[in-house]
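Please consult the sequence and structure shown here while reading.

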Amino acid sequence: MKKMILLTVFAMTLPLLCAAEDWSNVSLVDTKCAAKVKADPDAHTRSCAMQCAKSGFGILTKDGQYLKLDENGNKEAMKLLEASDKKDHIRVNVSGELKGDTIQVKSVKM
């Protein structure tokens, strides 16, 4: 009986463990400029990203896909940009769950 309970609990928590994803050392860009800077996201400046912040933020993955950040992620990204003194090469590590083309963000760190 104990084995059955443990297996049931494991089966119920496995999807939660597998759902989280991490994107490491990816470019943070604003949605407005994402297509324009896709070829060279490291050249996209911090000041431009902050000026276009109303469009929201996202990441360009290593395979060139643009994934938007959710509202929480947008707030965290803006805090990071405001605290940073980098001019360009804005790289972040994002943890969260991908739903469609939007990441439900758990954390964003530089």
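Glu71 and Lys75 are separated by about one helical turn, because they stand four residues apart in helix α4 (residues 71–83). Helices (H or I, at least four residues) and strands (E, at least two) are DSSP runs, numbered from the N terminus. The model is a predicted one, in which local features need pLDDT of at least 70 and side-chain atom pairs count only at pLDDT 80 or more, while totals for chains, interfaces and linings use all residues. Residues are numbered from 1 along each chain as its sequence is written, and side-chain values use heavy atoms, with hydrogens and water left out.

## Salt bridges

A salt bridge is taken as a side-chain nitrogen of Lys or Arg within 4 Å of a carboxyl oxygen of Asp or Glu. By this rule the count comes to four. Among them are the pairs listed below.

| Pair | N to O distance |
|---|---|
| Arg91 and Asp42 | 2.9 Å |
| Glu71 and Lys75 | 3.5 Å |
| Lys68 and Asp101 | 3.7 Å |

In the pair formed by Arg91 and Asp42, Arg91 belongs to strand β4 (residues 91–99) and Asp42 to the loop between α2 (34–37) and α3 (46–51), so the contact ties together parts that are 49 residues apart in sequence. For exposure, buried means under 20% relative accessible area, exposed over 50%, and partly exposed in between (1.4 Å probe, protein chains only). On this scale Asp42 is buried at 15%, whereas Arg91 is partly exposed at 27%.

The salt bridge between Lys68 and Asp101 also links distant parts of the chain: Lys68 is in strand β3 and Asp101 in the loop between β4 and β5, 33 residues apart. Lys68 has a relative accessible area of 33% and is therefore partly exposed; Asp101, with 37%, is partly exposed too.

Strands are said to pair if DSSP finds at least two bridges between them. β1 and β2 pair in the antiparallel sense over four bridges, and Ser27 has Leu60 in β2 as its bridge partner. On β2 and β3 (residues 66–69), the pairing is antiparallel over three bridges, with Ile59 opposite Leu67 in β3. These two strands, β2 and β3, form a hairpin with five residues between them, and Gly64 in the turn has a positive phi of about 85 degrees.

Which residues cover the two faces of strand β2 (residues 57–60)? Phe57 and Ile59 lie on one side and Gly58 and Leu60 on the other, and all are buried.

Asp30 lies in strand β1 (residues 21–30). Asp30 is buried yet has no salt bridge, and the nearest side chain of opposite charge, that of Lys32, is 7.1 Å away. Charge is assigned by residue type: Lys and Arg count as positive and Asp and Glu as negative, while His and the chain ends are not counted.

What does the side chain of Asp30 make a polar contact with? Its partner is the side chain of His44, at 3.1 Å. A polar contact is a pair of N or O atoms within 3.5 Å; within protein, one must be able to donate a hydrogen and the other to accept it, and residues adjacent in sequence count only if both atoms are side-chain atoms.

Contact in general means heavy atoms within 4.5 Å. Leaving aside neighbours within four places in sequence, the residues in contact with Asp30 include His44, Cys48, Cys52, Phe57 and Tyr66.

## Cysteines

A disulfide is a pair of cysteine sulfur atoms within 2.5 Å, and a search of the whole structure finds zero disulfides. For Cys33, the nearest cysteine sulfur is that of Cys48, 3.6 Å away. For Cys52, the nearest is that of Cys33, at 4.0 Å. Cys33 is buried, with a relative accessible area of 3%, and Cys52 is buried with 13%.

## Val108

Val108 has its place in strand β5 (residues 102–109) and counts as buried at 8% relative accessibility. Val108 and Asp22 are 86 residues apart in sequence and 9.9 Å apart in space, C-alpha to C-alpha. Not counting residues up to four places away in sequence, Val108 touches Gly73, Glu76, Leu80, Val92, Asn93 and Val94.
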